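Subject: Structure for your review

Dear colleague,

Please find below the structure that I am handing over to you. My notes on what was found in it follow directly after.

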Amino acid sequence: MDSNNYKISDAEFEVMRILWREERPVSFSDVRTELNSKMGWEKSTIATLIRRLVKKGAVSIQEREVHYYTPNISKEDYIQFKEKSFIDKLFEGSAKNFVAALCRSGKLTEADIDELKMYFRMEDN
């Protein structure tokens, strides 16, 4: 599936996080139990989030004795889409400008920079 089709809200992302982690179809009950204890969300809220994800095509539903849900997009593909969208929007599509902004803001330490240099040296070999 094309990750460009999915505009996933922060709340919907919490559902996706569970589905990605489990790597198997997950029942509504399992999703509900985790999100109720973690986020304090009620059954109706969780049902609405899942319904939206199914409608967007981000999640498939399997009807067995109960409903089971599986993601239609991998976590890696979604993260890659969000990274590109973020860099396109804020840094005119330039990853170099993004990294430069991290350096200027002090978000990257010297150790981080050294680690990145080592990573790119290893990629060149």
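**Strand 1 and Ser27**

S27 is found in strand 1. Please bear in mind throughout that this is a predicted model. With a relative accessible area of 7%, S27 is buried, since buried means under 20%. The side chain of S27 reaches the backbone nitrogen of D30 at 3.1 Å. Leaving aside residues up to four places away in sequence, S27 touches V66, H67 and Y68.

A hairpin of three residues joins strand 2 to strand 3. Several opposite positions can be named for this pair. V59 has P71 in strand 3 as its bridge partner, S60 stands opposite T70, and I61 stands opposite Y69.

**Helix 1 and helix 3**

Two packed helices are described by the angle between their axes and the distance between the axes. How do the axes of helix 1 and helix 3 cross? The axes of helix 1 and helix 3 (residues 43–56) come within 9 Å, with a crossing angle of roughly 85 degrees. The two helices are therefore roughly perpendicular to each other, because angles of 65 to 115 degrees are placed in that class. On the helix 1 side, the contact is made by A11, E12, V15 and M16, and on the helix 3 side by L49, I50, R52, L53 and K56. Sorted by class, the contact of helix 1 with helix 3 has six nonpolar residues, no polar residues and three charged residues.

Helix 1 (residues 10–22) also holds E14. Is E14 buried or exposed? Its relative accessibility is 12%, so E14 counts as buried; the cut-off that applies is under 20%. Not counting residues up to four places away in sequence, E14 touches L35, K38, M39 and W41.

**Helix 4 and helix 5**

The axes of helix 4 (residues 75–91) and helix 5 (residues 95–105) come within 9 Å and cross at roughly 80 degrees. Helix 4 and helix 5 are therefore roughly perpendicular to each other. Which residues meet between helix 4 and helix 5? Helix 4 contributes F86, I87 and F91, while helix 5 contributes A95, N97, F98 and A101. By class, this contact of helix 4 with helix 5 has six nonpolar residues, one polar residue and no charged residues.

**Two loop residues with positive phi**

E23 has a positive phi of about 55 degrees, although it is not a glycine. E23 lies in the loop between helix 1 and strand 1. At 71% relative accessibility, E23 counts as exposed, because exposed means over 50%.

E92 likewise has a positive phi, of about 50 degrees, and is not a glycine. The loop between helix 4 and helix 5 is where E92 lies. E92 is exposed, with a relative accessible area of 75%.

**Helix 6**

Finally, E115 is found in helix 6 (residues 110–124). The relative accessible area of E115 is 57%, so this residue is exposed. How far apart are the C-alpha atoms of E115 and F13? The two C-alpha atoms are separated by 30 Å, and the residues are 102 residues apart along the chain.

With kind regards

Note on methods
Residues numbered from 1 in each chain as written. Predicted model: local features only at pLDDT ≥ 70, side-chain atom pairs only at ≥ 80, totals over all residues. Heavy atoms only, no water. Pairing = 2+ DSSP bridges. Helix = DSSP H or I, 4+ residues; strand = E, 2+ residues; numbered from the N terminus. Axes fitted to C-alpha atoms, helices over the stretch in contact; angles between N-to-C directions. Parallel < 35°, antiparallel > 145°, perpendicular 65-115°, else oblique. Contact = heavy atoms within 4.5 Å. Nonpolar A, V, L, I, M, F, W, Y, C, P; charged D, E, K, R; others polar. Buried < 20%, exposed > 50% of the residue type's maximum accessible area, 1.4 Å probe, protein only. Polar contact = N/O pair within 3.5 Å; in protein donor to acceptor, adjacent residues only side chain to side chain.
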